[in-house]
Amino acid sequence: MTTVAVIGCTHAGTFAATSILQHHPDWTVDVFEKNDTVSFLSCGIALWAGNHVSSTEKMFYTSPEELEKAGASMHMRHDVTDIDVKGKKLDATDLETGKSKQYRFDKLVITTGSSPAAPFIQGLREALKNGQAMLCKDFNDGKRIVERAKKIKSVVVVGAGYIGCELAEQLSTRGIKVTLIDALPHVLDNNYDKIVTDQAETEFKKHDVTLAMNQKVVAFRPETGSDGVEDSGVTVVTELGEYTADLAVMGAGFVPNTSLVSAQLRTFGYGAIIVDKYMRAATPENDILDYVFAAGDCATVHFNPTNSEEYRPLATNAIREAMLIGENIEQPTKAYAGTQGTSAIQLYDLSMSSSGMTLDLANRRHIETDSATIQENYRPEFMLSTTPVTATMVYDRATGRILGAQFAAKHDISMAANLISVAIQAGFTVEQLASTDMLFQPNFDQPVNFVSSLAMAAADKRAKETKVAK
C-alpha cells in the first residue's frame, strides 16, 4: 500500500489530494493542515471587507469532511514541524492536544503555500502583535479585517499590487479614508504598463484615495486613533512622509513557506521549490526525486513568455499544477503546459486584465521586444452606449511572437486576456492573431474586434519597421 503525505491544504493541497485519490483510490493519502478549514478563497477578502460577499461559507469550495468522503485521511489542526525528505518521514504536532507524532510516507506532496510578506521594518512586528497592523492572507485574517472595517475611519494599505489595490478600493467604498503606499512608481506596477496604471490611479484619486507611490516604508509607530484611545492607531513612516490612520494592512506580496525543506531541495529566489514539468522536486544538486512533488505558492511555475522558471503565486497556477500530481505521482505521464500569469482586477467601474509580459518587464530583462497600443470603442457608435478600450500588446521584435497584452475599460474585458493567453501558449505571432476569425455582432463588438484591431496595429507597426530596416 502506497502512503502519500500532503502538507498543506488550500488550493494546491486540495486539488492534489483529490487528483491522487481519483487516480489511485486504494492509496493512503494523509493530509496535514494546521488550520481548521481548507480551500479558502482568499482572493475574496477585499470583497468581503467591502460587503460584497453573500456568504462566508461560500468562500470555501470543499471541506475536510468532503475530502474524508473522497478517501483522504485528514489531520486538521496539525502543524508539521520537521520533514526528513531522504528518510521519508515527518513530525507533526496536534495543535489541539499538543502531542507530536512521527509519520512515514512513500510519496511526499509539498503544498505549503505562502505567507504574507512582512519584511523587517522598524515597529512592524510590534504593530502586528498589538493589532495596529494586520496581514491579509487566510480566513482568520479576513475575519479580523472585516471586524475592524466596521469601526475604523482611516486605513493605510502597504503594497499596491492586486491585494493592496483591491483592499484600498473596497475599503474606500465604505467611506473609510484610505492611503495606499508602494515603493514602486505606480499602482500595479508589476502587472501593467503605465498606459493602463494611469487609468487605475485616476480612479483611486476620483474616490479620494491618497496615493503614496515611490515611497519605501521605513517604520511603524503607535498613534492615538480616531477613537481617542492612545496607541489604538498607527503612523506609517516612509522615506518621504508620514501617514497616520486607525489601522495599517500589509498587502506587500507573498513569500513561499518552504523553511522545512529548503536545505533539502533545490529552490529559487525567496525559497520557492523548483519543479520540473511533471511537478517533481529535486535535490540541491538537481537530481530529480521521483517521490517528491510540489505545487502552488511554495513552488515555481514555467512562465511561457520568457521560457523560464519563475515564482508567480496565483490560485490558477496552483490548481493546474496540483491536478497534474495525481497523474504523475506513479510515473511521469502528463507535462505541465506552463503559464502566462493571466489575471484581472476590477477597481470601481474600471476593468483591467492582462496576460504574459509587460513592456516594462521585457525592458528590465533586456529582451528585444516592441509594443503597439490602441484605444477604441468596444462596440459601434450607433449603439445607445459604448465605451473605449485601451489595449496594448508586447511582441518579439524579430519573430513577431506575442509575449503579452493588457486591457482596460469600463466594460468587461476579462476574456480578452484569456484569448491572449491561448495565443501565447500556442506560439501565435501578431500576424496570425490579426488574421484569426472572430465574431461581429453590434451588441458585443465592432466589425473588427478590438483584440483583432490591436493585433493588426502590431502587425502593421512590425511590417513598417521591417521595411525600414531593409
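This is a predicted model: local features need pLDDT of at least 70, side-chain atom pairs count only at pLDDT 80 or more; totals for chains, interfaces and linings use all residues.
Two strands count as paired when DSSP finds at least two bridges between them. Keep that in mind for the sheet.

Three strands form it, in the order 13-14-15. It is an open sheet, and the pairing is antiparallel. Which strands sit at the edges? Strand 13, residues 217-223, and strand 15, residues 242-245. Each of these edge strands pairs on one side only. From one strand to the next, the twist averages 20 degrees.

Now look at one pairing. Strand 14 covers residues 233-238. Four bridges join strand 14 to strand 15, and the two run antiparallel.

Next, helix 10. This helix has twelve residues, 414-425.

Which residues of helix 10 are buried? Here they are: A416, A417, I420, S421, A423 and I424. They cover an arc of only 165 degrees around the axis, so they lie on the same side of helix 10.

And the face turned away from that buried side? There, helix 10 carries the exposed residues M415 and V422. For the cut-offs, buried is under 20% relative accessible area, and exposed is over 50%.

Last stop: what follows helix 10? G427 does, and its phi is positive, near 80 degrees.

Note on methods. Residues are numbered from 1 along each chain as its sequence is written. Side-chain values use heavy atoms; hydrogens and water are left out. The expected span of a helix is 1.5 Å times one less than its number of residues. Buried means under 20% relative accessible area, exposed over 50%, partly exposed in between (1.4 Å probe, protein chains only). The arc is that of the directions from the helix axis to the C-beta atoms. Axes are lines fitted to C-alpha atoms, for helices over the stretch in contact, and angles run from 0 to 180 degrees between N-to-C directions.
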